[in-house]
Each structure stands twice: as structure tokens, then as C-alpha cells.
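Work through the exercises below with the sequence and the model at hand. Each task is followed by a stepwise solution.

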Amino acid sequence: LKAAFGHDFFIEVMFTGGPDHATNMLAFAKYTETPVVVTNDIHYPCAEDKDAHMIVHRMRYGYGYDNSDLHNKPYSEFPLVNPMILSGLTNTLLIASEVDDIDLSFEPELPAPTDVAAQLKDKIIQGLEELIEPVYGSPIPKEYMDRVVHEYGTIKKLGYIPYFYIVRELIQFANDQGIKYGPGRGSGAGSLILYLLRVTKVDPVKHGLIFERFLNESRQDYPDVDIDFDMSRRHEIIEYANKRWGAYPVATAVRYQHKSLVKDLGKWFKIDETILSKAKEDDQCLEFEELMEKDKFREAYELGLNQIRHFGKHASGFIITKALLPLEKKGNTLVVPWGT
């Protein structure tokens, strides 16, 4: 490893797991003539938080740490008389200074073919010929043509042509597979182009619906096209999006609220169900106030409130983008850890 990484290779020393751990690592570093970096494994901010942290952690995961030395230590808690430890603390700052800044922000960019604009135009023209011309005859009424030109100009100017293309492909897949979807709700029903692409099933010109409620040039974020797919076959849409564009579901983080936290703490503290049923429903009731006076209950409650209880994946949300996505595994599923 030293040959591979040169001056970027260090031996980490953490003062957890008892004094022998640090002693052995320091001896190993000295024997191999490798610089040391001192790190601090932090699971809770202050030493006095250890009991509350242990309760919440065991309650959440079913196990806890035997080590009670996982707080944010000041320098005074490190054995600074050892020169290797002093240099190890200095090396912590050295490594931090050498790490490049990582910018995870990026402009939204969607995967689409190079001729996406031409393909979308063809589908719009097809929609005019199949949905408008049979009703009003040829030539197609000027009102419809002017509306299409206006909407397409706005969509193109805002850079949303790939977005409309992808939405249309999702609908086409649903149609091909016989997956039911809604006729269109929300402001998206005001778009004639969405109607011509068969994303919605409502003619906005006929019914006097306004496009600008859905999309206008002052809008800074992507338009919101509300599509309701048959819930029993929704997974097919997600699988198609994954194969077609590398889409992944959005992770969700369920946080402790009063009711769920009191319920889980009640199990840990073996609280009588009669008391617990009242306390978890009302944070102002006498039963809850009495629980808060119980040894360690208050600390665990204040630490656990709004903390993440468990992770999962969104029932239907997924992300489509050309950008590289951070992924993590939830069960057997890869998810994008952005949902909260």
C-alpha cells in the first residue's frame, strides 16, 4: 500500500475500543515507518449523550455499541504527550487540505436522442391529424395552430423538449402494454401539446383551459405533469424507465414524530400500554409528562425526535437524468438517496 500510494498513505488511529487498540496501531505505524492520522469516531456530540444515544440506536436497529467513547472529543482528551499523536492530529488537517472540493450540484439535463426536437414535432403533427382534423376538418382551425406554435415556442425556449419527449414515451409504453393511466389532472390539462401527445385526454382549447397556468417563461423549475398509472402495474413503468434511461427510485427517510417515538420508547422502557396509548396521542397529557420525568426517557425523547427512524424507497418517484447519481442499496434495490 505504501508503494502504491506513497505520501498519501497513513495509518489511522482512533481512540475507541480501549487503549490497546491505539497502542497497537501506533506500534505498527512506528514499525512500518508510516505516518499516523488521528481521527475521532463521532456518533453523538457530547459524552453525556451516550445513554440516550444507546437507547435510540438499540430501539432503531436492535443493537447498540459496547463502546461509550464515541463523542466529539476536545484536544484535552487525547494523550498529547505522545509525539506521534501530535503529528497525527496535524496530519488530519493536512489530509483535509489536500482533498479537492466536490461540487455535487448540476444543471438538470435529460437523456434524449440528438433529433429529439424533430421527433417531438412529428408526434405533435400526428396528434393534430388524428385528434383535431377529424373533428374540425381541414384546414385545422387557426386557433389550434396558433396555440401549438405558442406552446412549442415556450417549451423550446425553456429547454423542456427532452422532458416532453420522455413523458410522451412513458405514456406510449403504457399504451403499448395496456397499462391504464388517468386522463390528466392539474395544470397540465391546459397544454394542447400534451393532449396531442396523448399524455392528457382533455382538449384544452375546447374547454377553455389556459396553458400559462401550466407553463410560462417566468417559471424557473420543470413543469409538473401529473400522471396517475394503474397502481398494480406501476412497477412496470419504473422498470421501463430504468432500462430506457437508467432511472432509479428515490429513497425516503421516515423520521421519528411524537407518536412513533413514544411508541418505540415505550417498548424499550416497558411502559404499561394503558399509559402509552394516551401518551403517544397527546404530548400535552399528564401521562406523557410523567414519562418525561422517567430516568433517561426525556434525554432519549429529545435526541430521537425528528431523527431518521428507517429508510425506504418512494412508492412511485424515480429520477431520470444524464448526470451521475449517488446510489445506495435498500434491500435488493438501488435507490437515489435524495428523498426525505
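**Exercise 1.** State the volume of the second largest pocket and describe its lining.

Step 1. The second largest pocket of this predicted model has a volume of about 280 Å³. On a 1 Å grid over the protein atoms alone, a pocket is an open set of points where a 1.4 Å probe fits, with protein on both sides within 12 Å along at least five of seven lines; lining residues have an atom within 4 Å of a point. The volume is the space filled by probe spheres set on points joined across faces, edges and corners.

Step 2. Its lining has 14 residues, and Ile238, Glu239, Pro249, Lys313 and Thr333 lie nearest the centre.

Step 3. At least two lining residues come from each of α9, β3 (248–255), β4 and β6 (333–335); α9 gives the largest share, five residues. Helices (H or I, at least four residues) and strands (E, at least two) are DSSP runs, numbered from the N terminus.

**Exercise 2.** Which elements each supply at least two residues of the lining of the largest pocket?

Step 1. The volume of the largest pocket is about 980 Å³. Among its 28 lining residues, Tyr163, Gly317, Phe318, Ile319 and Ile320 are closest to the centre.

Step 2. The elements are α7 (161–177), α9 (234–245) and β4 (308–319).

Residues are numbered from 1 along each chain as its sequence is written. Local features need pLDDT of at least 70, side-chain atom pairs count only at pLDDT 80 or more, totals for chains, interfaces and linings use all residues, and side-chain values use heavy atoms, without hydrogens and water.
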